[in-house]
Amino acid sequence: MKKQSQASGAGAVARFLRQNSVPLMFIIICAVLIPISGFSAGYLINEIVTRMGRNIFLILSLLIPITAGMGLNFGMTLGAMAGEIALILVSDWQIWGIPGIVLAMIVSIPISVGLGLLCGKILNMAKGREMVTSYITSFFIGGVYMLVVLYMMGPIIPIAHSSIKLPRGYGIRNTVSLLSMRQSLDNLLAIRVLGVKIPTLTFLIIGLMCLGIVWFGKTKLGQDMRAVGQDIQVARDAGIDVERTRLISIIISTVLAGFGMIIYLQNMGNLSTYSSHTQIGMFCIAALLVGGASVEKASIGNVFLGVILFHLMFIVAPQAGAKITGDSMIGEYFRVFASYGVITIALIMYETRKRKAKLMAGRQLQLAQSEDVK
Amino acid sequence: MSQTEKTLKPVSGFSAFVQNFGLPRLIIAGFLLLLFIAAPFVGSNFFTQLTNTINRFSWNAILVLSMVPMVHSGCGLNFGLPLGIVSGLLGATISMELGFTGGLSFLMAILIATPFALIFGYGYGHLLNRIKGGEMMIATYVGFSAVSFMCIAWLLLPYRSPNMVWGLSGKGLRTTITVEGYYDKILANFLKIEIGSFSIPVGTLLFFALLAFLMWAFLHTKAGTAMTAVGSNPTFARASGINVDKVRLQSVIMSTWLGAVGILVYQQGFGFIQLYMAPFYMALPAISAILIGGASVNKASITNVIIGTFLFQGIVTMTPTVMNNIIRMDMSEVIRVIVSQGMILYALTRKQGGSK
């Protein structure tokens, strides 16, 4: 690989373009749309900083399963649901502000671990098609979530306050107000630089999380995960308990997604009980891929770049669409299309590359065999 | 099917039957039976319920049938069904735009949808040939991308018919368009049998039977056998001189076209064309229906389609009324989600339906 890039400068440029085609495409889209939308720079920076604080932690939760070779963890939705259940309970107990958030995180851990265990077990039964299975798992658990929140909260799980209960006496309302803890994490230690509010504490937590992920990659378990991600068979021969390692990677991802969802929702300030989690997996995965990640490789840098580019597009697309065509819905649909399109492209690139690698391996084997014959 | 029966015959008895039929299927069938038995006791008319179930069966059966070719050729479950649906929607709206009415509009809708389905299916099939092994996930996202792209198209395409566009601005298609005056119940009312509260949409069922028969006949031709061979063992198929990629392409085109026809039949029964985000999750009910009917990721028959659609639609129609009356809660949505997604999950995690 290295030899080739030294061979010709033009080849290296071409390779750089090919490898970073998705981020470059989004940079171009943003560069075109921003002037059309007419937003001021200050407004955009403010929005981006807010959205970085809101989303980065959630997206970080996707990194570990990618290292373990399980692809994009659509099952992060499970963690998001665990976080939501924890927030519902905590807001019923009326614990406010930072203590409320911390308690919600603590409450979410056992739920996340349980769901992660289930998801990991299911994915171990479906090796080779983890993504589609985790995707369906998120729907399935979505049904169970509805069962719990809509029917069990009230009669089985005690909910005291009628402000979050449906008028019929059981089940949770469509929206739960988190006003008591709204942005309490973001506002603590927040500083203003040139009119841009920077949620220092949230960024500090994110920074710690990044360090944690880097550190984790260096531990024995992290190394095992990388080995499993590269080749299950080789890892198994080396004495690694593959199933257990994969299970742990999913559990960690689910727990982190639970925390991420709590951070996300405390920024939003209210919880749409039945719809907050449905799209979250898709948007996080799209953002990560926009940042230049692929199904088998993702770094912290991808997360940051992805959030900035994806959300820039997200903010400006409706306005730009409205300016161009006079219909704001077009921009709205465009950003949905862009999100799905980028995931589709990433998946296709991943599969073709996998196939090409397999073909190459086959050819090398053939070559080796023919040499043996000689 | 016949092969597994042969091998399982010596192990007779209930456990063998369960193994052959699959426990989840048995539970679902038992649940539906229970609902039918309970229906008269909770005061809902048995015949109305049965009519509803048969009606919904007739709307959905072809969409479920569209899974069969792709499963046969080893492309997995057609999560990309929305692509076929989009072609059907294009056919429907263009036929109405051109001013066809009555039965002719239905025929024209199918005719106009066909080239779209062929073109989309061709591209989609080529794509799936390049990514063998990862079909299902990519199919899902191809479907999503197609639907969200068409959302933009529905707004921008130059439709003019006042029956379809937004009244105020005079452009951009509405989210739901009624097919009244066009092909509303055009098949359902053909040879319709009505006895009191019990009615059968014979025309729709006949149309499904025709397509199902054609599918069955096709699978018994040389090309059809080749398709099954490709699905069950691609290496063997290639060794015996079958062009694997071509056969897979054929199957994807067939599935896409059946999806297009399926949505048109659905519309004539339902009475409305649903645009924009509506086709988004339409693949999942069809997939779980065929799985409930006994299909697996790489095996499906016409019988699976019929049994599965009936069971799935039975549960969808029966649970709201019957369950509501028994426990005074509307749990139908939750049950529907858990049953259908659980069924897909079950199929995906089965070893025998394993990845190649």
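User: How many of the 10 residues of helix α13 (residues 283-292) of chain B are buried?

Analyst: A residue is called buried if 20 or more other C-beta atoms, placed from the backbone, lie within 10 Å of its own, exposed if 12 or fewer do, and partly exposed in between. Helices are DSSP runs of H or I with at least four residues, strands are runs of E with at least two, and both are numbered from the N terminus. In this predicted model, local features need pLDDT of at least 70 and side-chain atom pairs count only at pLDDT 80 or more, while totals for chains, interfaces and linings use all residues. Residues are numbered from 1 along each chain as its sequence is written, and chains are lettered from A and ligands numbered from 1 in the order in which they are written. By that reading, 9 of the 10 residues of α13(B) are buried, including B:Leu284, B:Ile287 and B:Leu291. Just after α13(B), B:Gly294 has a positive phi of about 110 degrees.

User: Which helix of chain B gives the most to the side that touches chain A?

Analyst: Two residues are in contact if their C-beta atoms, placed from the backbone, lie within 7 Å. The contact takes 30 residues from chain B and 36 residues from chain A. On the chain B side, α7 (102-130), α8 (135-156) and α15 (332-348) each supply at least two residues, and α8(B) gives the most, with 13 residues. By class, that side has 20 nonpolar, 8 polar and 2 charged residues, where Ala, Val, Leu, Ile, Met, Phe, Trp, Tyr, Cys and Pro count as nonpolar, Asp, Glu, Lys and Arg as charged, and the others, Gly among them, as polar.

User: Why does A:Tyr135 count as buried, and what does it touch?

Analyst: A:Tyr135, which is found in helix α8 (residues 130-152) of chain A, counts as buried because it has 25 C-beta neighbours inside 10 Å. Not counting residues up to four places away in sequence, A:Tyr135 touches A:Phe74 and B:Thr140.

User: How compact is chain A for its 374 residues?

Analyst: The radius of gyration is taken over C-alpha atoms, and the globule rule is 2.2 Å times the number of residues to the power 0.38. Chain A has 16 helices and 4 strands. Its radius of gyration is 23 Å, close to the 21 Å that the rule gives for 374 residues, so chain A is as compact as a globular protein of that length. Buried residues make up 46% of the 374 residues in chain A.
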